[in-house]
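Thanks for coming. I have one structure to go through today, so please have a look at it first.

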Amino acid sequence: MATGYSKSPLELLNSSHQSKVLKAAIFSRFVLLILSILWRTLLAPYDTSAPLNPTCLHNPSPPLPSPLLPSLGSAIEKGVVWDSVYFVRIAQCGYEYEQFYAFLPLLPACIFVFSQTVFAPLVPLIGYRAVLALSGYVVCNVAFIFTAIYFYRLSVIILKDPTAALQASVLFCFNPASIFYSSIYSESLYALFSVGGCYYLVSRANNIAVLWLALSGFARSNGVLNAGYFGFQAMHQAYDAFYLKKRAFLALWILISGALRCICIFVPFITFQAYGYYNMCLGRSSDEMRPWCKARIPLLYNYIQSHYWGVGFLRYFKFKQLPNFLLASPILSLAVCSIIYYVKSRPEIVRSLGFQASVEEKSSMAEIFSSQKPQRSNDTQFSEKYSSRKQENHNFKLRKKISQGTDLAEGRTVRGSLEKLGYTSAFVLPFILQVGFMAATAFFVMHVQVATRFLSASPSLYWFASLIMTSHKKWGYMIWVYCFAYILLGSLLFSNFYPFT
């Protein structure tokens with residue numbers, strides 16, 4: 001993928017920087033662990049129901065003998081609070097009640113697998129529920145560490161600046177929703193498969209990207225939004241094929257392939273909805289059916305969010321919820337500022353959805369969002385079959401001229417201009433569009449305090465924050481203060497079953 005005008009991802013990646021990101025990710029997890037244990041030791045929990053574990057509703061297992069280390073098991077189980085209770089319970093007993101279907105199955109499935117394999121020998125020592133909790137902690141924390149590495153790699157490719165990528169990645173390691181990435185929550189797995197999927201997408205490993213982004217939809221419902229990346233890719237590839245290369249058949253093939261990839265990302269979430277319909281609706285009389293079963297489009301997830309959690313458009317706009325709006329205001333402000341800055345910096349890019357990018361950006365974008373790998377593949381053979389040298393566009397000629405060294409000064413200028421763009425490059429546009437939609441959803445539809453963790457896996461927020469830290473030191477310090485304050489506050493409140501986000 002290396003060209004004369006821009007460095008390849010392998011050239012940009014810095015092993016020293018990756019090592020720093022790895023150390024920051026591991027260190028941040030230890031900090032959260034120590035803080036959680038400290039707060040639980042010093043303060044009494046608001047809700048003491050965390051250790052309760054009634055018999056499974058379906059297929060109850062015989063009672064197990066008392067563990068050899070009950071105090072250790074109890075200490076581990078104390079961390080099972082808020083949504084962690086649901087994830088552990090689903091891993092232990094399956095989807096017993098209707099409201100359980102609000103929690104997607106990837107994390108419970110991982111917890112179950114680890115509890116039955118790697119940590120199974122610990123059951124006699126600490127008890128089965130403690131083993132489930134321990135499995136959840138390990139899965140989520142390890143997933144976060146891998147996410148940080150993928151985050152750095154993705155940032156290097158998009159920003160073309162290893163230093164800015166390092167700064168953004170370290171900030172992600174200490175993000176304001178850090179407590180949820182160290183707890184038994186789906187944020188870590190969602191972030192891993194979302195960020196990792198985007199990395200594979202821009203690395204031109206489309207099949208792996210489809211799998212990873214689809215798995216993100218098995219972790220959290222907003223994973224389906226990741227289909228937009230393939231939509232963006234297909235849109236630009238089809239434009240390039242139809243208008244620049246004058247190959248209508250190839251453009252049609254690209255659109256069909258993009259649509260199929262988008263559908264693949266929706267499949268896990270739709271499959272889970274079908275699973276819920278099968279369990280809750282089929283084989284029941286009309287009187288026994290829940291209201292959502294009779295709907296024209298029986299979406300269990302939407303019904304649960306509305307019925308049990310009161311989620312809906314403007315339903316949270318009440319005076320008593322003002323503290324929660326204040327709690328979410330920093331992350332929402334950061335999101336809004338990042339969008340405004342990008343729009344003001346590149347209005348032509350936003351208006352045209354990237355089609356009015358500079359020649360150099362289009363050239364680089366065609367490479368990054370290409371479905372063809374550097375080596376000869378089936379896609380390459382298909383492309384070559386329907387093309388000729390006469391149809392090569394100006395961008396390819398420019399790359400060729402630069403790579404052959406016939407215009408090295410021009411090549412250096414192009415490379416420098418791309419690297420200077422950083423956060424304002426056309427590559428960031430799909431991430432901006434996604435974070436804009438998610439921020440609007442969090443503010444107008446969801447419980448607004450959830451915005452802190454809902455937006456915490458959005459790469460563009462950290463890229464913008466990295467830019468602010470470099471250009472405005474005072475605001476950079478404010479961002480760090482915000483992150484550390486929420487880490488302290490979150491570990492204090494969340495660990496002791498007090499409401500946080």
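This is a predicted model: local features need pLDDT of at least 70, side-chain atom pairs count only at pLDDT 80 or more; totals for chains, interfaces and linings use all residues.

Residues are numbered from 1 along each chain as its sequence is written, and side-chain values use heavy atoms, with hydrogens and water left out.

Now the cavities. A cavity here is a set of points on a 1 Å grid over the protein atoms alone where a 1.4 Å probe fits but cannot get out, and a lining residue has an atom within 4 Å of a point. Volumes are the space filled by probe spheres set on the points, with grid points joined across faces, edges and corners. The whole structure has 5 cavities of 30 Å³ or more.

The largest cavity holds about 70 Å³. Its lining includes Tyr190, Cys198, Gln434 and Phe454. Helix α10 (187-202) and helix α21 (429-444) each supply at least two lining residues, and α10 has the largest share, 4 residues. By type, the lining has 8 nonpolar, 4 polar and no charged residues. Nonpolar covers Ala, Val, Leu, Ile, Met, Phe, Trp, Tyr, Cys and Pro; charged covers Asp, Glu, Lys and Arg; the others, Gly among them, are polar.

The second largest cavity comes to about 60 Å³. Among the residues lining it are Leu171, Ile331, Tyr462 and Cys483. Here α15 (322-345) and α24 (473-495) give two or more residues each, with α24 giving the most, 3 residues. This lining is 8 nonpolar, no polar and no charged.

What about open space? A pocket is an open set of grid points with protein on both sides within 12 Å along at least five of seven lines. The second largest pocket has about 1,200 Å³ of space. It is lined by 42 residues, and Arg220, Tyr301, Gln305, Met446 and Val450 are the closest to its centre. Helix α14 gives the most to this lining, 5 residues.

Next, salt bridges, meaning a side-chain nitrogen of Lys or Arg within 4 Å of a carboxyl oxygen of Asp or Glu. There are 8 in the structure. One joins Glu98 and Arg290 at 3.0 Å, N to O. Glu98 sits in the loop between α4 and α5, and Arg290 in the loop between α13 and α14, so the pair ties together parts 192 residues apart in sequence. Glu98 is buried at 5% relative accessible area, while Arg290 is partly exposed at 27%. For the cut-offs, buried is under 20%, exposed over 50% and partly exposed in between, with a 1.4 Å probe and protein chains only.

Another bridge links Glu187 and Arg453, also at 3.0 Å, N to O. Glu187 is in helix α10 and Arg453 in helix α22, so this pair ties together parts 266 residues apart in sequence. Both Glu187 and Arg453 are buried.

Two items remain. Ser155 lies in helix α7 (residues 128-159), and helices here are DSSP runs of H or I, at least four residues, numbered from the N terminus. Ser155 is buried, at 0% relative accessible area. Its C-alpha is 8.6 Å from that of Tyr199, 44 residues away in sequence.

Finally, Phe30 lies in helix α2 (residues 15-42).
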